[in-house]
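These are my notebook entries from a first look around this structure. Come along and read them beside the model.

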Amino acid sequence: MREPSVAVRETAAEHLEERQTDWAYSKPVVVLDVLWNLAFVAVAAAVLAASLGERPAVPLRVWLAGYVLQCLLHVLCVTVEYRRRRRDADQEGAGDGDFKLSIVKHLESANTMFSFIWWIMGFYWVSAGGQALSHDAPQLYWLSIVFLAFDVFFVVFCVALACVIGIAVCCCLPCIIAILYAVTDQEGASEEDINNLSKFKFRTMGDHDKLVAGIAAPVGGVMTECGTNPPVEHILSAEDAECCICLCPYEDGAELRELPCNHHFHCSCIDKWLHINATCPLCKFNIVKTNLGREEV
């Protein structure tokens with residue numbers, strides 16, 4: 001059985017990836033991406049037209065033409081995927097959606113591989129040409145340098161961002177939850193759904209309490225449900241007396257919330273999570289569907 005904290009982090013990583021994909025294909029990002037790549041195409045076309053008299057020793061024109069081609073292919077893939085997502089959102093899914101998605105993914109993967117190989121070839125040609133290129137073909141030379149440098153910067157930025165997100169998921173899961181809570185479109189549970197869940201107070205058990213209760217096994221404490229008479233209590237083992245989201249042990253007097261699946265967490269941790277995703281971070285039990293089912297009954 002997997003450790004509960006690992007399951008929570010895997011769920012958070014999956015949810016973060018979904019959010020990242022949705023954000024990447026949002027209208028502002030897509031427009032910015034398309035305009036950015038078309039700007040590259042326009043600059044490259046202008047420089048190619050203005051440098052007809054230049055005679056570089058290496059085929060820089062061919063490399064720039066290939067760079068323009070990959071920019072146009074990227075724009076095509078992004079536009080098709082964006083339109084497919086919008087159409088699926090409006091029509092609750094389309095029959096040929098999976099087929100088009102497969103084609104776009106293959107094209108984007110091929111374009112990414114082509115970009116990597118093409119960058120290596122461009123770097124080799126610029127290096128082989130040496131300083132003579134700056135005299136024989138200054139416009140083609142400097143444009144190639146700019147494109148090569150931008151690609152390096154973009155790759156370094158993406159790798160650094162992925163490392164930061166990975167470290168945050170592993171070491172600071174509450175930070176990721178807070179970020180997702182800030183950018184969420186409120187697709188999770190409502191405040192009413194969350195308030196309908198059982199709320200508990202945690203109380204540690206000393207040796208005297210264990211002796212009175214006749215408990216010999218290691219015990220972490222007792223959960224007492226708020227607002228019930230007689231009080232409903234659950235005894236937690238030492239292993240269960242911690243929050244799987246923040247990895248902090250329950251302190252005396254801590255407020256806990258128990259989901260219908262019997263998993264419990266700190267109120268502050270699980271409330272933020274449920275605002276983002278209405279499912280249990282451990283077993284993915286959906287609390288909203290459960291509440292709807294009870295209302296229908």
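I began with the surface: the accessible area of the protein is about 17600 Å², and 64% of this belongs to carbon and sulfur atoms. I took areas from the Shrake-Rupley method with a 1.4 Å probe, and for residues only the protein chains shown count as cover. I kept in mind that this is a predicted model, where local features need pLDDT of at least 70, side-chain atom pairs count only at pLDDT 80 or more, and totals for chains, interfaces and linings use all residues. Residues are numbered from 1 along each chain as its sequence is written, and side-chain values use heavy atoms, with hydrogens and water left out.

**Overall build.** I found 11 helices and 5 strands; these are DSSP runs numbered from the N terminus, helices (H or I) of at least four residues and strands (E) of at least two. Of the 297 residues, 36% are buried (under 20% relative accessible area, with exposed over 50% and partly exposed in between; 1.4 Å probe, protein chains only).

**Record check.** I looked up the unreviewed UniProt entry, which annotates "transmembrane region" at several stretches, including residues 62-82 and 110-128. Such annotations may be inferred rather than shown by experiment; positions follow the numbering used here, and feature names are shortened. In the model, residues 62-82 are 100% helix, with end C-alpha atoms 30 Å apart. Residues 110-128 are also 100% helix, and there the end C-alpha atoms are 27 Å apart.

**Salt bridges.** How many salt bridges does a search of the whole structure find? I got 4, counting a side-chain nitrogen of Lys or Arg within 4 Å of a carboxyl oxygen of Asp or Glu. One of them joins Arg84 to Glu81, with the closest N and O atoms 2.8 Å apart. Both residues sit in helix H3 (residues 60-91), about one turn from each other. Arg84 is buried at 9% relative accessibility, and Glu81 is buried at 3%.

Next I looked at Glu255 and Lys199, whose closest N and O atoms are 3.4 Å apart in a salt bridge. Glu255 is in strand E4 and Lys199 in strand E1, so this pair ties together parts that are 56 residues apart in sequence.

Arg203 pairs with Glu233 in another salt bridge, at 3.9 Å between the closest N and O atoms. Arg203 lies in strand E1 and Glu233 in strand E3, so parts 30 residues apart in sequence are tied together.

**Cysteines.** I counted 0 disulfides, taking a disulfide as a pair of cysteine sulfur atoms within 2.5 Å. For Cys267, the nearest cysteine sulfur is that of Cys226, 7.8 Å away.
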